[in-house]
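Subject: Structure handover

Hello,

Here is the structure we talked about. Please open it and keep it beside you while you read the notes below.

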Amino acid sequence: MRKLLLPLSILPLLAAAPAAWAFDPDTPVGEKRESFPIKLGDEEDTTIELAFRTAFGLEKGATPEAVRQIDERTYHFRPVAIHMMENGVAALLSVGSLEDAGHSEGGVNAVHYLKGSPTGWVKRGEWIGLGATGTVGNGATSWAFTGLLGANPYLVTAGGGVWQGCLISSAVVTELTPDGPVDRGSFTDAMGSGAGIGQTEQGYDGQIVAAVPGKSFTVGYTGTKAFRQQYVLKDGEYALVGKDKVPGC
């Protein structure tokens with residue numbers, strides 16, 4: 001095995017590195033500068049297996065998949081994204097798929113808080129059943145972390161499905177408070193029709209394009225028509241102002 005010789009000048013930098021870096025060099029310790037619109041993605045992070053094993057109590061080197069029984073149904077979880085918050089705490093998002101699911105049955109999402117230490121991750125909390133899920137047993141099908149909505153970071157997840165040629169996808173905004181994640185509301189992030197009998201061909205895609213942190217956010221839609229809708233935080237939940245302009249199926 002080759003030894004990696006490091007210049008003496010870099011050693012002080014290593015000593016000052018965050019604890020999480022010391023045991024998991026692939027863990028992101030900084031976030032890119034954010035801007036609107038908030039874009040959701042579906043690319044799964046393959047560098048967070050250590051965090052996932054700690055979250056679900058798996059042995060070292062185990063395949064990054066966990067099985068949980070919830071309400072007598074079997075869910076298979078896998079890690080998809082992680083976000084570093086303050087004080088060395090990370091929020092890990094995992095999605096759970098449901099075995100033998102019907103078309104209308106969704107999967108489930110799990111959020112774990114983990115604390116970095118020189119010896120590894122330490123689990124601080126577990127919350128299952130948050131955010132948006134898809135059909136046919138899928139958990140969230142796209143996601144993003146953002147610091148643009150409030151003093152605390154937010155997780156935005158989306159999921160949906162197709163019914164008789166009509167697509168509907170909903171997004172949920174989840175606040176990552178110091179005491180745990182809390183769902184704060186939802187909005188339609190995609191709609192498309194025209195493939196079914198007698199349907200009008202139309203399509204809409206929505207993204208969060210502006211926000212007043214801790215008070216409101218605005219979703220901008222493109223597609224058949226372009227418009228914006230505002231959601232205002234009231235009694236702990238974001239509610240649509242006025243009538244929903246996005247048609248249903």
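One thing before the details: this is a predicted model.

Start with the open sheet. It has 5 strands, in the order β1-β2-β3-β4-β5. The pairing is antiparallel. Two strands sit at the edges: β1 (66–70) and β5 (120–128). Each of them pairs on one side only. From one strand to the next, the twist averages 35 degrees.

Helix α3 covers residues 49–56 and packs on this sheet. The helix touches β1, β2 (73–84), β3, β4 and β5. Its direction makes about 60 degrees with that of β5.

Now look at one pair of strands in detail. Strand β3 spans residues 89–98, and strand β4 spans residues 108–117. They run antiparallel, joined by 8 bridges. For a landmark, find A90: L114 in β4 stands opposite. As background, strands of a sheet pair through backbone hydrogen bonds, either parallel or antiparallel.

Next, the charged pairs. How many salt bridges does a search of the whole structure find? The count is 5.

First stop: R78 and E44. Their side chains meet in a salt bridge, 2.8 Å from N to O. This pair links distant parts of the chain. R78 is in strand β2, while E44 is in the loop between α2 (19–23) and α3. They are 34 residues apart. R78 is partly exposed, at a relative accessible area of 33%. E44 is also partly exposed, at 32%.

Second stop: E126 and R68. The closest N and O atoms of this salt bridge are 2.8 Å apart. E126 lies in strand β5 and R68 in strand β1, so the pair ties together parts that are 58 residues apart in sequence. Recall that β1 and β5 are the edge strands. E126 has 31% relative accessibility and counts as partly exposed. R68 is partly exposed too, with 23%.

R73 has a relative accessible area of 28%, which makes it partly exposed. E105, at 26%, is partly exposed as well.

On to the nonpolar cores. In soluble globular proteins, nonpolar side chains tend to be buried together. The largest nonpolar core in this model has 21 residues. Which of its residues have the most contacts inside it? They are V173, F187, I208, F217 and Y221. Six strands each supply at least two residues: β7 (154–163), β8 (166–177), β9 (180–193), β10 (202–212), β11 (216–223) and β12.

Beyond its neighbours within four places in sequence, V173 is in contact with residues including L149, Y154, F187, I208, F217 and Y238.

Is Q229 buried or exposed? Q229 is buried, because its relative accessible area is 4%, and buried means under 20%. Q229 sits in strand β12, residues 227–234. Its side chain makes a polar contact of 3.2 Å with that of D244. Leaving aside neighbours within four places in sequence, Q229 also contacts F217 and Y221, among others.

Best wishes

Notes:
Residues are numbered from 1 along each chain as its sequence is written. This is a predicted model: local features need pLDDT of at least 70, side-chain atom pairs count only at pLDDT 80 or more; totals for chains, interfaces and linings use all residues. Side-chain values use heavy atoms; hydrogens and water are left out. Two strands pair if DSSP finds at least two bridges between them. Helices (H or I, at least four residues) and strands (E, at least two) are DSSP runs, numbered from the N terminus. Axes are lines fitted to C-alpha atoms, for helices over the stretch in contact, and angles run from 0 to 180 degrees between N-to-C directions. Contact means heavy atoms within 4.5 Å. A salt bridge is a side-chain nitrogen of Lys or Arg within 4 Å of a carboxyl oxygen of Asp or Glu. Buried means under 20% relative accessible area, exposed over 50%, partly exposed in between (1.4 Å probe, protein chains only). A polar contact is a pair of N or O atoms within 3.5 Å; within protein, one must be able to donate a hydrogen and the other to accept it, and residues adjacent in sequence count only if both atoms are side-chain atoms. A nonpolar core is a set of buried Ala, Val, Leu, Ile, Met, Phe, Trp, Tyr and Cys residues joined through side-chain atoms within 4.5 Å.
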